[in-house]
Structure formats: C-alpha cells, structure tokens
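Here is a short report on one structure.

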Amino acid sequence: MPTDFASLDLSPALLAVVQELGYTTPTPIQVESIPVLLAGKDLIGQSKTGSGKTAAFSLPILQSLDLSSRSLQALIVCPTRELSEQVAREARKLGRKHDGLVVLTLTGGKPFAPQSDSLARGVHIAVGTPGRLLDHLTRGTIDPSGVATVVLDEADRMLDMGFQADMEKILEALPKKRQTVLFSATFPKTIEAISRTHQKNAVRVTIDDGEQPAEIRQLTLLAERDDKLSALYWALAEYTHESALIFCNLKATIAEVERALASSGASVDSLHGDLDQFERDQVLARFRNQSVRLLIATDVAGRGIDVEDLDLVINYELPTQPEIYVHRVGRTGRAGKEGLAVSLATSRDKPKLREIEELTGRVIERVKRDVRADPGLVSHAKAFARPAPMDTILISGGRKDKVRPGDILGALTGDAGGLQGADIGKIEIQDRLSYVAVSRAVSRAAVTALNKGRIKGRRFRATLTGRR
Ligand code: ADP
Ligand code: MG
C-alpha cells in the first residue's frame, strides 16, 4: 500500500506542515483513518502506541475548522493531563499554518477561572480530561453547540480509570449531529457498548500488530528480593540507554531504590503520589529533556508518561496484573525504534511470567546471569553512574506571556546569551512558565544571561531546577 500524504486529500497547508515536520509517509492508521474522517464519518480505531493516532485525528479536524468563527468546533478527551498536553502540542504543531488557531487544554489540578476566561475569549479545539471537561459543560463555560467532532483518545484507559460515566455524559451533552471518533488499544464490552450507543455507522479501523509491538525486546532476569538492587545495577550497566524508566509496585520501594541509585552517583528522580502538579511537571520535563537519566515510578504516578526516545523500561517488580505489564512495556520502542524491557523476577514470579506470555503471545527471553554469584558485578555496575548531559532552567514566562521557543533560543544565543545552538536542548513552553534544557557545562552561564537579558523585551526570572 504505497501511500503518501499527498494522496490523502489534505489541504496544501497541512501537506506543507507534515513535510516540514519530516513526516515522509503516513503511518498505516493515518492511511486508513484520514479519508474516513475527512468524509465526516464516525470511526472506531485501534493501533499500537506510537503509531501516529494523534495526527490521524488532528489533521482532519484542522482541515475542517472554520477559523473565521471563534467557536469550539472540536473536543478531544484524553485520560490524563500529560496526554492532553501532548495532544494539544501536536495539534498546535500541525496547525501552525492555521493563522489564529486556538487550541486550549482543560484539565484538572488547575484553577477553573483562567480556563473559563480562555473559553470565553474563544477557542477552536479543546483538549482535556473527562472530569474537567464535564465540569465546564455542566457549568456552561463550554458552549457545545458548535462542536462538530469529538474524539475519545485512549478510551479503554479512561474506562480503567473510572471515567465511563463522565465520558457518556460528555457525549450526551454534545449536539446529536456530530462526528464521533473513538480510539482504544482494546475493545472490551463497555467500549463496544459506548460505540453502539453514541456512534452512527462507525467505520472500524484496526491495524493488527499483535498484542505487543514487535520492536520491543523483552527480557527477564531472575533475582530474589535481596538481590534486586544488584540485579538493577547490573541491568542498567549492561543495557546501554540514554534514559530509562523504572517501575515499582509500591511507593515505599521507589524511595528505597531512588536512595540506592542516587548514592551510587546515578542521575535519578522519581514520580510518587506526594508530588503536586507543578513538581510532577518539572520532574517529567527534566526527564524528557535529558536532565535526568533514570525515572522511577509506580503505575498510578506513571500514568500518562510519554517520553520520546525512551529506550529502556525496567520492571523492578513485576506488576500484579499482566495487562499492566503491557502498559508499562509499551512506553519503550515508540515511533519505530527498538525498545527494550527488562523485568526483574523472583522465583515466585514464574507463574506471572507465564500469564504475561499468554496474554501477549510472545516469549520473554530469560537472561542467564546469576547476579548473586557474579564477582565482577560491582565494578561492572558502576558504569551506569553517568551524569545526565543537560540541566533544566525554569523561566517564569510561558505561552500566555507570548513567549515562544525562538524567543528563548534568541535570548540564549547570539551576543546577548553567548551560547552555541548545540548547547540548547528541548524547549517546553507551558501557559505561564517554560523549561529549557541546556548543556550542563554552561547552565549557570545560561541562567545569568537569561536573568540579565530580556525575552520579548520583558524580564523573566530564570532558575536552575532539580536537586544538586
Ligand atoms: P499514538 O497516539 O498512536 O501513541 P502519537 O500520535 O503520539 O502516537 O505519535 C507518536 C510519534 O510519532 C509522535 O512523536 C509523532 O509526532 C510522530 N508521528 C506521527 N505521524 C508520523 C508520521 N507519519 N511520520 C513520522 N512520525 C510521525
Ligand atoms: Mg495517542
């Protein structure tokens, strides 16, 4: 099926954008979904993580927007705040030739009033979590009358998180004449029922890759409780990675593993339930932009983590359910790159491993290495204790202050900043603040330059983030 974007009936502006973004060929889910969605049909779709579903539904939405009217025309519902932010980022990226386009995120954990104010000023696309979207609909701060398309992204995860009632109420609050799009990794009965009740003649698109994305290599290493830390050190040293996500089942274990890794000189941080939204954001930003190499999380705290270039997932403990294993492991090997998942299993975990293999239909390779009897282990294991290449600077201005990535880049390079482009990494702009990654060696100089200089003619505060 040799299809390119040009044969998908996208507008010249959107074709130019996908080309600029380096999307040379559409992914299978995009090839199948875009024509259906451009034709205004309902769709129920499934494809593996990282297969480009966001663009699959965002491109048709962008194409059908009426920018002359500042009314809400598309609603995208996502399970978590981070996923909402990511979808909004991608929609803005794809819509960068749509002058005046407003994409707003509406998620919990943030004050309500600024969101209502933004809604009142007019937006075209809203992306958010079920609870908060429903709040806005109930209070009348969202006017649903112009909503032509609604997308439920990762619908099965929203069910898992207990959002079924909210999802249905949202659908009921929208105009009857609308397009309903549903993406889900699995189709349990509840999803089928939602589709039957709320969609009309939905076209079903399934891109069959098997249960488990093929490009994830799965290994397991036998290690009893007392040997787990040694096994972790060994695995981190053995399997080269830029960044790794380490899953534990309990918060208490996170603390223990974090302490051990940090005292060995590793670049590590953790996501646990005690963090407030700002702290959680900051940890994730630092992990995404390579200011910290290792991130430890539980399943709950780790919800919605989506990090490009994540090349290693470690299960410090096997999860209680095989489905959770699939979720965890699915975070590596995205966008066609090979990923690696290493699970540390005790001898009691053997039945669990078999359950996982049954669910995924794939064999998990057993690594033959006795971490307990290995004398070379300690020196070998030190190899993982490399510092992260970047540092993260927090700047007290964001999108609502009209700060754009180019402005920050400008303030850091050239005569004013004195940094080389190569020293500057990922720049993430949020509503009222921004994170910029800079090479560790020049991070202090960069902070000084930012605090002395101006961005868009204004002064903002810049501070280094993270523990030091
Ligand atoms: P999914 O929602 O299916 O998990 P995403 O929409 O998050 O996947 O896409 C994963 C990554 O692939 C994103 O970084 C996105 O920018 C990129 N991407 C999407 N479509 C294409 C394409 N046609 N070619 C190359 N990269 C793409
Ligand atoms: Mg997605």
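Asp9 is exposed, with a relative accessible area of 63%. The cut-off for that word is over 50%. This comes from a predicted model. Asp9 sits in the segment before α1, the helix of residues 12-20.

Now look at the backbone. Most residues other than glycine have a negative phi. Asp9 is not a glycine, yet its phi is positive, at about 65°.

Find Gln290 in the loop between α12 (277-288) and β11 (294-297).

Is Gln290 buried, partly exposed or exposed? Its relative accessibility is 30%, so Gln290 counts as partly exposed. That class lies between the cut-offs of 20% and 50%.

## Around ligand 1

How many residues surround ligand 1? There are 14, and the closest are Tyr23, Thr25, Gln30, Gly50 and Thr54. By type, the shell holds three nonpolar, eight polar and three charged residues.

Backbone atoms take part in contacts here. A backbone N or O atom of Thr25 lies 2.9 Å from a nitrogen atom of ligand 1. For Gly50, a backbone N or O atom is 2.5 Å from an oxygen atom of the ligand. For Gly52, the distance from a backbone N or O atom to an oxygen atom of ligand 1 is 3.2 Å. Taken alone, ligand 1 exposes 570 Å², and the protein buries 79% of that area.

Methods: Residues numbered from 1 in each chain as written. Chains lettered and ligands numbered in written order. Predicted model: local features only at pLDDT ≥ 70, side-chain atom pairs only at ≥ 80, totals over all residues. Heavy atoms only, no water. Helix = DSSP H or I, 4+ residues; strand = E, 2+ residues; numbered from the N terminus. Buried < 20%, exposed > 50% of the residue type's maximum accessible area, 1.4 Å probe, protein only. Near = heavy atom within 4 Å. Polar contact = N/O pair within 3.5 Å; in protein donor to acceptor, adjacent residues only side chain to side chain. Areas by Shrake-Rupley, 256 points an atom, 1.4 Å probe, with all protein chains shown as cover. Nonpolar A, V, L, I, M, F, W, Y, C, P; charged D, E, K, R; others polar.
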